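Dear colleague,

I am passing on to you the structure that we talked about, and below it you will find my notes on what turned up in it. Please keep the sequence and the structure open beside you while you read.

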Amino acid sequence: MNDTSQSWVAVLLPLAVGEVYSYSVPEAFRSAIQFGIRVEVSLNRKRYAGIIIDTEVAPQSEIKVKPILAVLDTAAVITHHQLHFWQWISRYYCCTLGEVMNVALPSGLKLSSETSLHPGSRLEEMLYELEGDEAMVAEALLNNESLEVTSLQKILGKKTVYPVIKSLMEKEALYPEERLKEKYKAKVEDYVRISPAWLEGDPDLELALEQTKRSVKQQHLLLGYVERFPEFDWANKLDLFKNIGSDQSSCKALEKKGIFEIEKKAVSRIINYKGEIRGLPVMSAGQEEACQHIRQIFDEGKPSVLFGVTGSGKTRIYMEFMQECLAQGRQVLFLIPEIALTTQLVQRLQAVFGDDVGVYHSRLNSARRVELYASALKGKSIFVGARSSIFLPFQDLGLVIVDEEHDPSYKQSEPNPRYQGRDAALVLAKGYKANVILGSATPSIESFQNANEKKYGMVVLHERFGEASLPKIEVVDLREKYKKGLMKEMFSDTLLAAIRTSFEKGEQVLLFQNRRGYSPTLQCTLCNWHSDCPNCDVTLTTHKYFDQVQCHYCGFHAPKPKQCPQCGNTHLVELGFGTEKIAEALRNLFPEKHIQRLDYDTARTKRQYEDILSDFERGNTDVLVGTQMITKGLDFENIGLVGILLADKIMYYPDFRANERAFQLFTQVAGRAGRRKKRGKVLIQTFNPSHPVIEETLGLKYDRFYARETKEREHFLYPPFFRLIRVTLKHKDVKKLEAVALEFVKRLKGQLGNRVMGPATPGIARIRGKYIQQIMIKSEKDRTVVAKIKAWVLHTKVEMRKLPGLSGIQVIVDVDP
């Protein structure tokens, strides 16, 4: 039994478990215990770095708890504000607090144990009795004293090594040990200075120069150091070499003579801005008026929707409020939907705010994320980032900007928590009493509705900044073009003529097709066989450059078939088109022009993305073909023509938001045209030119679009008038899955009635080898009712898992899908 005088703490672990665990605090650690620090603890024989979230847990004598094994921090790595925000995320999005922690913390701060293997008591005496894999392991252990399991896998050249480990454990030839693996290591570099022995009294530099008179290089380095560092401070060795033109051998010689001393010091991985700092550009009268209106909205304590047409200068307004926030000594969070958008935006912000700007997103390496995370704790002023930036540990957040607030990328799809970044940012801002600006040329239905209901304020910018005018938008009827034989591949004669005209004017062209790859389907002309993914219910996309067929859902890929596997026919046709096929067709039509693609295949890294955009900005690229990566936030002055090659695929996607997404995408991509003095042109190719979304895009008629869309949604009980919760069930056995889905619905309907719809098979019935069933719950907008529904859904999920044989069923709860 535990002594009740013991101190207990609550420790949160980055695991999908529904509880926070209590641990006792050994006497040696009690003075170091505080909220928000990481401690090493054990759970189910593994070790983790957990976070103390409560230091005053009442000990219970009848319960035996494990002790904390080590204290990992001297200062908190999370704030009380953060914990309250995590708890809200957990409650609202129906996930565990540990899952929120797992997403919120940089991986470098989330330590978990790995198994290391050590020589056992009988290893040496058994060495000559062992054979094969066991002998190799024994020899490696004797040479290394300890081995990680991953190292053992490499030595044996196989993934499954546990049978070997188990056998050697039984023979007492080795024993395993769990230990935490440190993921973050500070970056260190060599620093140099005059040795303290030379600094006692008056530094005798003449004597130092005398000792180096035979080496011009050593004297050059010594004099160069003294000139740049007259106070004899530590100097970064590599920077010193670079600035004065010296090398390692001269430095080593000075160290050997006792003139220099060298020491390794931790340095930041955060790259400093080296460009020129400029003031904010002058605002137009319209921008000044918008700022005044936004200030009034902030005085009322409301978020502001900044509804500005593409090219209206929203970023300049953002910067005005950022400057005001910094003057108050508070922090700014600038959210963008895609990591790719950071390049142009950060360049503009750093030109004004310099090193105050930090960029945070998931593609940064682990160590840099840790350092940026720490800089937020220390009060760094501005953070630009994608949705995960809402989890940074702000000290005093004063302003949150959500740019392109309508963008679906703000919604996390997997894993838990499946949060909506925009909505979560509003809750985060409320906790700090921070102001919020939601900017977009095509506001989401939800935000526009909130503005109409006076929950938000709204400011509208109707005109583009300066002399720029909105583009001329025209529709091309593909039915007529195909009927009259006026198509060349995927291009109508109208689009080709417009491309040629743009070339004659020296203008660039942007072409949009929201499908990467060469062709979405490879089909046999004789037996109609088509290339299907073995793991998913989709066809494999042809990628000509890689000579492969690939699945864009599970990642499966295989060499492109040369003949039909069913009938042997060698004539296989590639149906449909993606960005790769478009680019190839353009190169055939305009061989003298430089055609480039911007999609996930060509821009997998930040460097590749920046290179493609840099080429386009400098005018080295004549046509840029891209997926939705080209629709967001890009600002180029010489785009004369934007073409949407096939609008229909987007409009007919089976989702209640399909029309909204289509209108937003068409308007956003059209907004890339004519953003300076020239008026741009937009051509939309479609088989249905009379579709309401096409007609609304033509005149940029947002009000008409909003009125029609909200009328339909209210009639069919969809957001923003009703709340949605989607329950997705997955399993490899389709019959077992269907039976479970029916039982799940039966239990839900017992409490929730006709709010529950389904189960239904989605358009893609199997992904990554698992079949899918979906249940939709529609609820009235009543917080009490919604909370009860969530509680019942989670209760049903737990109860269903208790039934025999159902432990393998995966149940995913998605709030606001």
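This is a predicted model: local features need pLDDT of at least 70, side-chain atom pairs count only at pLDDT 80 or more; totals for chains, interfaces and linings use all residues.

Next come the nonpolar cores. The largest of them has 76 residues, and the members that touch the most others in it are Trp86, Ile390 and Phe391. If one leaves aside the neighbours within four places in sequence, the contacts of Phe391 include Phe85, Trp86, Ile89, Val100 and Tyr419. Another core, of 35 residues, lies apart from this one, and among its members are Leu510, Val642, Ala647 and Leu665. As a general background, nonpolar side chains in soluble globular proteins tend to be buried together.

Turning to the sheets, I would begin with an open one of five strands, which follow the order 2-1-4-3-5 with antiparallel pairing. Strand 2 (21–25) and strand 5 (70–71) stand at its edges and have a single partner strand each, so one side of each is left without a neighbour in the sheet. Strand 5 is paired with strand 3 (residues 38–43) in the antiparallel sense over two bridges, and Val71 in strand 5 is the bridge partner of Val39. Helix 2 (residues 97–104) packs on this sheet, where it touches strand 1 (7–12) and strand 4 (46–57), and its direction makes about 115° with that of strand 4.

Which of its residues are buried? Val623 and Val625 on one side are buried, and so are Leu624 and Gly626 on the other, which leaves both faces covered. Strand 29 runs parallel to strand 22 (residues 508–512), to which four bridges join it, and it also runs parallel to strand 28 (residues 595–598), again with four bridges. Gly626 takes part on both sides, as the bridge partner of Phe512 and as the residue opposite Leu598. Together with helix 20 (residues 606–617), strand 28 and strand 29 make a right-handed β-α-β unit.

Finally, please look at strand 35 (residues 770–780), which pairs in the antiparallel sense with strand 32 (residues 722–731) over 10 bridges. Strand 35 pairs in the antiparallel sense with strand 33 (residues 756–760) as well, over three bridges. Gln774 in strand 35 stands opposite Thr728 and also opposite Ala760. Strand 34 (residues 766–767) is joined to strand 35 by two bridges in the antiparallel sense, and in the hairpin that they form, with two residues between the strands, Arg768 takes a positive phi near 55°.

With best wishes

Methods
Residues are numbered from 1 along each chain as its sequence is written. Side-chain values use heavy atoms; hydrogens and water are left out. A nonpolar core is a set of buried Ala, Val, Leu, Ile, Met, Phe, Trp, Tyr and Cys residues joined through side-chain atoms within 4.5 Å. Buried means under 20% relative accessible area, exposed over 50%, partly exposed in between (1.4 Å probe, protein chains only). Contact means heavy atoms within 4.5 Å. Two strands pair if DSSP finds at least two bridges between them. Axes are lines fitted to C-alpha atoms, for helices over the stretch in contact, and angles run from 0 to 180 degrees between N-to-C directions. A crossover is right-handed if, with the strands pointing away from the viewer, the path from the first strand over the helix to the second runs clockwise.
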